[in-house]
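Dear colleague,

I am passing on the structure below, and after it I set out what was found on looking through it. Please read the notes with the coordinates open beside them.

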Amino acid sequence: ILAGILIGLGFRKDLLPLAALSALVFLGTALALGLPVSRLTGLPLKTLLFALVGVFHRVRVFLLFLLVPLLARLVP
C-alpha cells in the first residue's frame with residue numbers, strides 16, 4: 001500500500017492527460033475484446049472484464065521481469 005501511495009504521489013500534473021488517455025485506451029480495448037467474446041461464449045461481461053484485467057497484469061509483469069534485466073545490461 002505504501003509503495004502505491006509513493007508512486008501515486010510522484011505523478012506530475014502534466015502527466016494527467018496521458019494517464020487519462022491510457023485509461024480510456026485500456027477501457028476501449030477491454031470492451032472491444034469483451035463484448036464479442038461475451039456474446040460468443042455466453043459468459044457475463046463483468047467476468048470477462050475481470051479476466052482481461054488479469055491477463056493485462058500478467059503480461060505487464062512478465063514484460064517487466066523480461067525487459068528490466070535486459071535494459072539494465074544496456075545502461076552503463
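Helices here are DSSP runs of H or I with at least four residues, numbered from the N terminus, and Thr29 is found in one of them, helix H2. Please keep in mind throughout that this is a predicted model.

The helix pair

Two packed helices are described by the angle between their axes and the distance between the axes. For helix H2 (residues 16-41) and helix H3 (residues 45-74), the axes come within 9 Å and cross at roughly 130°. Since an angle over 145 degrees would count as roughly antiparallel and one of 65 to 115 as roughly perpendicular, H2 and H3 are therefore oblique to each other. Their crossing is right-handed. On the H2 side the contact is made by Phe26, Thr29, Ala30, Leu31, Leu33, Gly34, Leu35, Val37, Ser38 and Thr41, while H3 contributes Leu45, Leu48, Leu49, Leu52, Val53 and Phe56. Sorted by class, this contact has 12 nonpolar residues, four polar ones and no charged ones.

Helix H2

H2 has 26 residues, and from its first C-alpha to its last it reaches 37 Å, close to the 38 Å expected at 1.5 Å a residue. Its buried residues are Ala30, Gly34 and Ser38, and what covers them includes H3. After the helix comes Gly42, which has a positive phi, near 80°.

Ser38, which has its place in helix H2, has a relative accessibility of 15%, and because buried means under 20%, Ser38 counts as buried. If its neighbours within four places in sequence are left aside, Ser38 is in contact with Leu43, Pro44, Leu45 and Leu48.

Thr29, also named above among the H2 residues that make the contact with H3, has a relative accessibility of 31% and so counts as partly exposed. The C-alpha atoms of Thr29 and Leu15 are separated by 21 Å, the two residues being 14 apart along the chain.

Helix H3

Leu48 lies in helix H3, and at 11% relative accessibility this residue counts as buried. Leaving aside neighbours within four places in sequence, Leu48 is in contact with Gly34, Val37, Ser38, Thr41 and Leu43. With regard to Gly34, Leu48 is 14 residues away in sequence and 5.9 Å away in space, taken from C-alpha to C-alpha.

Lys46 is likewise found in helix H3, but with a relative accessibility of 67% Lys46 counts as exposed. Between Lys46 and Gly34 there are 8.8 Å in space, C-alpha to C-alpha, for a separation of 12 residues in sequence.

To look at the pairing on screen, you could begin with Ser38 and Leu48, which are in contact, and then turn to Gly34, one of the buried residues of H2 and one of those in contact with Leu48.

Methods: Residues numbered from 1 in each chain as written. Predicted model: local features only at pLDDT ≥ 70, side-chain atom pairs only at ≥ 80, totals over all residues. Heavy atoms only, no water. Axes fitted to C-alpha atoms, helices over the stretch in contact; angles between N-to-C directions. Helix = DSSP H or I, 4+ residues; strand = E, 2+ residues; numbered from the N terminus. Parallel < 35°, antiparallel > 145°, perpendicular 65-115°, else oblique. Left-handed = near helix turned anticlockwise from the far one by under 90°. Contact = heavy atoms within 4.5 Å. Nonpolar A, V, L, I, M, F, W, Y, C, P; charged D, E, K, R; others polar. Expected span 1.5 Å × (residues − 1). Buried < 20%, exposed > 50% of the residue type's maximum accessible area, 1.4 Å probe, protein only.
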